[in-house]
Amino acid sequence: MDIKKYKDIDLEYELLCYAEIFIDQNNSPGNLGQNAWNDQRVAYILSGSFEGPLIKGKVLPGGGDWPIFSNQRPNIMKSDVRAVWETDDKAKIFVTYTGKIIKPDERILSNHKDITDIDPKNYYFRMSPDFSTDSKKYFWLNDLVTIAIGRLIPNGVGYKIFKIK
């Protein structure tokens, strides 16, 4: 293979938005238990917000995450999220994403009372959001490939979402 022909190809990106999503602790089914393949859980979305240079609004309640945990590596979670975002000008955006969270090892966890206190540099939290809308103003979201870097926050998750150019 001639890798020289790829020297001019680089990954370029820019900020799309920040987002915080809060989990409905009271109504989420939580841990559904061990099935034949993994440990299945369900967490419903209570609320949230997002804000960036071209987009701002709230995360509507009713979506959720259907994460699975590895039987062989319980510190790894694979997310499967569906949510509806509503912009400040009332456009609805359907957001889906998958990704992985690899929690820090016990040595780091044992030094913290709450996992949300841990510096996100000490764990892996990456998602790949996909946006779908019929809004003419935000139709450009349908064409994006995005990557989110996340962190655990009290009662939820926070993201910095980048659009790949």
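Student: Does Gln25 count as buried or exposed, and at what relative accessibility?
Tutor: This is a predicted model, in which local features need pLDDT of at least 70, side-chain atom pairs count only at pLDDT 80 or more, and totals for chains, interfaces and linings use all residues. Residues are numbered from 1 along each chain as its sequence is written, and side-chain values use heavy atoms, with hydrogens and water left out. Buried means under 20% relative accessible area, exposed over 50%, and partly exposed in between (1.4 Å probe, protein chains only). Because its relative accessibility is 53%, Gln25 counts as exposed.

Student: Which element of the protein chain has the lowest mean pLDDT?
Tutor: pLDDT is the predictor's confidence in each residue, from 0 to 100, and the protein chain averages 90. Helices (H or I, at least four residues) and strands (E, at least two) are DSSP runs, numbered from the N terminus. Strand 4 (residues 56-59) has the highest mean, 98, while the lowest, 63, belongs to helix 1 (residues 106-109).

Student: Where is Gln25 placed?
Tutor: The C-alpha atoms of Gln25 and Lys56 are separated by 25 Å, and the two residues are 31 apart along the chain. Strand 2 covers 30-34, and Gln25 lies in the loop between strand 1 and strand 2.

Student: How many residues has the largest nonpolar core?
Tutor: A nonpolar core is a set of buried Ala, Val, Leu, Ile, Met, Phe, Trp, Tyr and Cys residues joined through side-chain atoms within 4.5 Å. Trp85 and Phe125 are among those with the most contacts inside the largest core, and its residues number 31.
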